[in-house]
Every structure is written in structure tokens, then in C-alpha cells.
Amino acid sequence: MITGEIKNKIDKVWTDMWAGGITNPLTVIEQLTYMMFIHSLDEKELKNESFEALTGEKIQKIFPQTEEGQSMRWSKFKNRDARDIFEIVSQKVFPFIKNLNGENESAFSRYMETAMFVIPTAQVLQKIVTGLEDLYTTDITGLDIQGDLYEYMLDRLSTAGHNGQFRTPKHIREMMVNLMKPSPNDYICDPACGTAGFLVSSAEYIRQHHESDMTSEQWEHFTSTMFSGFDTDQTMLRISSMNMMLHSIENPDIDYKDSVSKQNDINSKYTLILANPPFAGTVDSESINDDLKTVANTKKTELLFIALFIRMLKKGGRCACIVPDGVLFGSSKAHKSIRKELVENHQLTAVISMPSGVFKPYAGVSTAVLVFTKTGAGGTDKVWFYDMKADGFSLDDKRTEIAENDIPDILERFHNMEKEADRQRTEQSFFVSKEEIVQNDYDLSINKYKKVEYVPVEYPPTQEILTELQELEKQITVGLTELEGMLWG
């Protein structure tokens with residue numbers, strides 16, 4: 001979540017770029033991402049050097065160990081003359097990052113091939129370097145700054161939500177990753193990856209929980225075959241491949257793909273899918289893959305993506321995805337069909353209802369997290385519902401941090417479901433049997449099953465209330481008489 005101070009600093013950099021002639025906001029995003037990437041490479045190199053000094057273990061360096069190679073580091077050029085900075089970045093650093101993976105065919109090298117450095121003058125570049133340096137001296141610990149930057153720019157563009165494209169806040173992504181607990185043997189995919197946030201959060205989880213006991217084969221899998229992400233926006237593919245590379249995932253499968261189209265024929269490949277697919281979008285019915293239509297004959301992207309997740313998962317594969325509330329209770333044939341598919345043919349585990357403010361200020365849509373396992377043979381016995389009321393941030397446009405937060409409770413209860421059996425429908429979480437869901441036309445909205453506890457209120461007798469009203473009327477009359485006396489007396 002970007003604070004007011006960080007917003008102001010990013011706004012200043014954007015204003016400097018706009019004044020310098022870069023007026024296309026997507027170009028602004030892309031060029032700023034390149035500069036942040038250059039800064040991050042130097043930070044990563046500094047960490048490598050510290051680790052090497054502490055352990056004596058040799059680590060492969062990012063920058064060549066020559067005078068020219070070292071001059072390309074952010075910390076070396078940031079305070080130089082504007083003309084020197086411009087020459088170093090445009091003539092040395094940018095060509096260097098474009099070819100960072102050398103001859104290796106990777107997502108990064110593939111999408112950087114068409115990247116262009118378009119910052120026009122030395123003065124504009126110096127302002128960007130100074131502005132970003134100022135930004136990095138602010139406390140941005142834990143911020144997914146590249147993703148937050150994109151989200152903030154989209155908001156200023158007023159395009160977030162036209163195709164349902166808005167980023168999932170980092171704490172919600174981390175909640176979903178912690179629900180699924182990815183392992184070093186998983187094959188993880190986000191078919192609508194954007195800035196690769198879910199993949200990065202999954203990588204961080206695996207490092208945090210398994211780094212010390214991973215085998216060399218698992219590390220090889222981690223840096224190459226574990227992570228896959230698809231998108232239809234070349235800018236996003238560049239940003240996501242940079243994001244992955246900065247998290248030591250050098251060769252993920254980041255690819256240009258319209259996931260729900262005939263172009264995508266991936267079947268039974270992944271063990272884990274984490275996604276926030278586009279909402280409220282529609283696609284050309286001619287381009288939709290036919291096997292998705294057999295599950296949900298619709299043009300609505302939020303339904304097609306659920307059918308896609310089922311198809312792309314291996315048997316036993318798991319999914320946590322965000323859906324708009326309409327998916328849970330929509331009455332169309334396609335809505336009922338996708339819910340029936342999850343309940344009858346697979347194992348629907350949980351429906352976590354989230355408050356409508358979670359995606360503010362970019363969208364006010366109410367959403368839920370669906371958690372299910374692909375079985376192809378049913379397995380839904382009962383479904384766990386949770387009514388999230390707070391996520392640690394205010395639910396207005398400001399989204400300031402607050403003490404109320406249901407996420408720790410959600411994780412604790414989800415991973416200890418045997419303790420949930422006796423929970424009442426008046427509580428925040430409870431089970432609903434498959435039979436009851438079937439009887440309700442596969443409705444998955446929590447309000448269908450939640451019971452509201454009415455506390456009886458004791459009112460005084462009617463005669464007592466009337467007596468009080470008459471007394472009040474007398475007091476008003478006396479007051480008006482005194483006021484008249486003051487005015488005309």
C-alpha cells in the first residue's frame with residue numbers, strides 16, 4: 001500500500017517525465033520500472049558482496065569486475081554530472097540489462113529484446129535518478145514497489161477495472177499463499193499474472209519455509225520450471241519477468257498468452273494455481289477454447305477462468321482464486337453450471353467472503369476467495385465459509401493501517417478445520433453441508449447460510465413513553481414562550 005509521502009514522490013517523478021516530453025503513462029511506467037530494476041540490481045550486488053565478505057564463499061557477480069562494469073552500478077553513477085549519467089545509462093547500462101541473460105533464452109531476454117530507452121534528455125534522467133533515490137531513502141520496507149507503482153499509475157489512468165485489471169494487495173496475496181502452503185515440488189501458475197505478484201509471493205514463501213532443506217534438483221526446479229505466468233500485455237510481461245529475476249528466478253515460464261482462448265491448450269499440468277483473474281470482462285465467443293464452453297457456456301471472463309483453472313490443474317492440484325461476489329450467487333445457467341462443477345465433480349474446500357473495500361481505491365467490488373482441489377470425481381462433503389470483516393486496513397479509499405484484522409484468524413482456522421465442526425451459523429466461520437448447498441441451487445454466498453442473532457430490546461410501557469412525550473411538549477412550549485418574550489419584550 002502506497003503512503004501519501006511515497007505517492008507525492010512518485011507524482012513528482014511523473015511530473016518531471018511529463019514536463020520532459022514523456023506523456024504516455026504506460027511509457028512512464030515502463031521507463032520507471034527499468035530505472036527501478038537498475039537500482040535493484042545494484043542492491044542485489046551489494047548483498048552478494050556482503051555475503052561473500054562474511055562467508056568467504058565466491059558468488060557470481062551481476063556486473064563485470066572491470067572499471068567500466070562497475071561504473072554501471074546505480075551507487076557509482078547516481079551522483080555524477082547529468083551528462084555522464086545519461087551517457088552511462090543510455091549507452092552502457094540499458095544495453096547491459098537488455099542482454100543480462102546473454103545467450104540464454106529466457107522470459108527476461110525474450111521480452112527485453114523489444115525494450116527501448118526513451119528518456120529524452122540528461123536533465124530529465126537526472127531528475128528521475130534524484131527522485132527515485134529520494135524514494136528509496138523513504139521507508140519502503142516490505143512494499144512491492146514495482147507492483148504498487150503500476151497499480152497507482154493505473155488508478156491515475158482511470159483504466160483499472162475496464163477489463164477488471166487491478167492488482168491484488170500484497171497482504172491478500174500472502175494470505176492466499178499461506179492458505180495453500182506451496183512446496184518446493186509444486187508447479188505453480190498464474191494464468192493472469194500481471195506483475196507476477198502471486199508468483200513472487202509463492203517464491204518468498206518457499207524460500208522462507210524450505211530454503212535450508214531444499215535439494216539441488218529442487219533449486220533447479222525453483223529457478224526454472226516451478227513458476228509459470230501468462231498475460232496479454234507486453235509491458236506487463238517485461239515487468240513481471242524483471243520482477244521474477246530480482247527474486248532469483250532466472251528462467252520462469254512467463255509467456256504471452258490469451259489464457260481462455262484457443263491459443264492456450266495447456267491441460268493437467270500444474271499442482272497449484274493462485275490467481276486474481278480479470279472481472280467484468282467479456283471475450284469474443286469465437287476465440288474461446290471449446291472445452292471451457294462445455295463447463296460454462298459464457299463470454300464472462302470470471303467464469304471462463306474458473307473453468308480454465310480446473311482444466312490446467314493436475315488431478316489433486318489445488319487452486320485459490322479471487323472471484324467477484326456475482327460468481328457465488330449469479331442465477332444464469334453459466335453461473336450455476338460452474339458452481340455445480342466445483343461442488344459435484346471436484347472438492348470445494350472454502351469460500352472466504354471479503355469486504356468490498358479490499359480493492360479500494362481502485363474498485364469497490366465485493367469479492368471472495370475460492371479454495372478447491374481438482375479431483376474429477378467429486379469429494380465435496382462440506383464447505384467452510386468465513387465472513388472476513390477486516391483485513392488490517394480501513395475499508396475506505398485511504399486504506400490506512402488499523403488493528404482489526406481477520407487474516408491471522410482465517411489462517412489459523414483453515415489449517416485446523418477439525419476444530420470448526422461445532423461452530424454456529426451466527427459466528428464468523430462455519431461449515432455448510434453439500435446437501436444444503438445443492439438444495440439452494442449451488443448458491444455459495446455466505447449470507448444464504450449465515451444466521452443473524454437478534455437480541456431482544458426491552459422498551460418501557462407505552463403509557464410511560466406517552467407521559468415522557470407530553471412532558472417534553474410542555475418544556476418546549478415554556479421555552480418558546482420565553483423566547484417570544486425576549487424578542488418582543
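**Note on selected local features of the predicted model**

His-221 counts as buried, because its relative accessibility is 9%, below the 20% limit that applies to buried residues.

1. Surroundings of His-221. The model under discussion is predicted. His-221 belongs to helix 11, which covers residues 216-223. Its side chain forms a polar contact with the side chain of Thr-225, at 2.6 Å. When neighbours within four places in sequence are set aside, the residues in contact with His-221 are Pro-184, Asn-185, Asp-186, Tyr-187 and Met-226.

2. Helix 5 and helix 7. The axes of helix 5 (residues 82-98) and helix 7 (residues 122-137) approach within 8 Å, with a crossing angle of roughly 90 degrees. Helix 5 is therefore roughly perpendicular to helix 7, since angles from 65 to 115 degrees fall in that class. On the side of helix 5, the meeting residues are Ala-82, Arg-83, Ile-85, Phe-86 and Val-89; on the side of helix 7 they are Ala-122, Leu-125, Gln-126 and Val-129. Sorted by class, this contact comprises seven nonpolar residues, one polar and one charged. As a general point, an α-helix has 3.6 residues a turn, so residues three or four places apart point the same way.

3. Length and burial of helix 12. Helix 12 runs over residues 234-246, and its 13 residues should span 18 Å at 1.5 Å a residue. The C-alpha atoms at its ends are 19 Å apart, which agrees with that expectation. Twelve of the 13 residues are buried, so helix 12 is largely enclosed by the rest of the structure. Among the buried residues are Arg-238 and Asn-243, together with Met-236, Met-242, Met-244 and Met-245. Just after helix 12, Ser-248 adopts a positive phi of about 65 degrees.

4. Positive phi at Ala-196. Ala-196 is not a glycine, yet its phi is positive, near 70 degrees. This residue sits in the loop that links strand 1 (188-190) with helix 10 (197-210). Is Ala-196 buried or exposed? Ala-196 counts as buried because its relative accessibility is 0%.

5. Positive phi at Ser-268. Ser-268, also a residue other than glycine, has a positive phi of about 50 degrees. Its location is the loop between strand 3 (253-256) and strand 4 (270-275). With a relative accessible area of 35%, Ser-268 is partly exposed, whereas Ala-196 is buried.

Technical notes: Residues numbered from 1 in each chain as written. Predicted model: local features only at pLDDT ≥ 70, side-chain atom pairs only at ≥ 80, totals over all residues. Heavy atoms only, no water. Helix = DSSP H or I, 4+ residues; strand = E, 2+ residues; numbered from the N terminus. Buried < 20%, exposed > 50% of the residue type's maximum accessible area, 1.4 Å probe, protein only. Polar contact = N/O pair within 3.5 Å; in protein donor to acceptor, adjacent residues only side chain to side chain. Contact = heavy atoms within 4.5 Å. Axes fitted to C-alpha atoms, helices over the stretch in contact; angles between N-to-C directions. Parallel < 35°, antiparallel > 145°, perpendicular 65-115°, else oblique. Nonpolar A, V, L, I, M, F, W, Y, C, P; charged D, E, K, R; others polar. Expected span 1.5 Å × (residues − 1).
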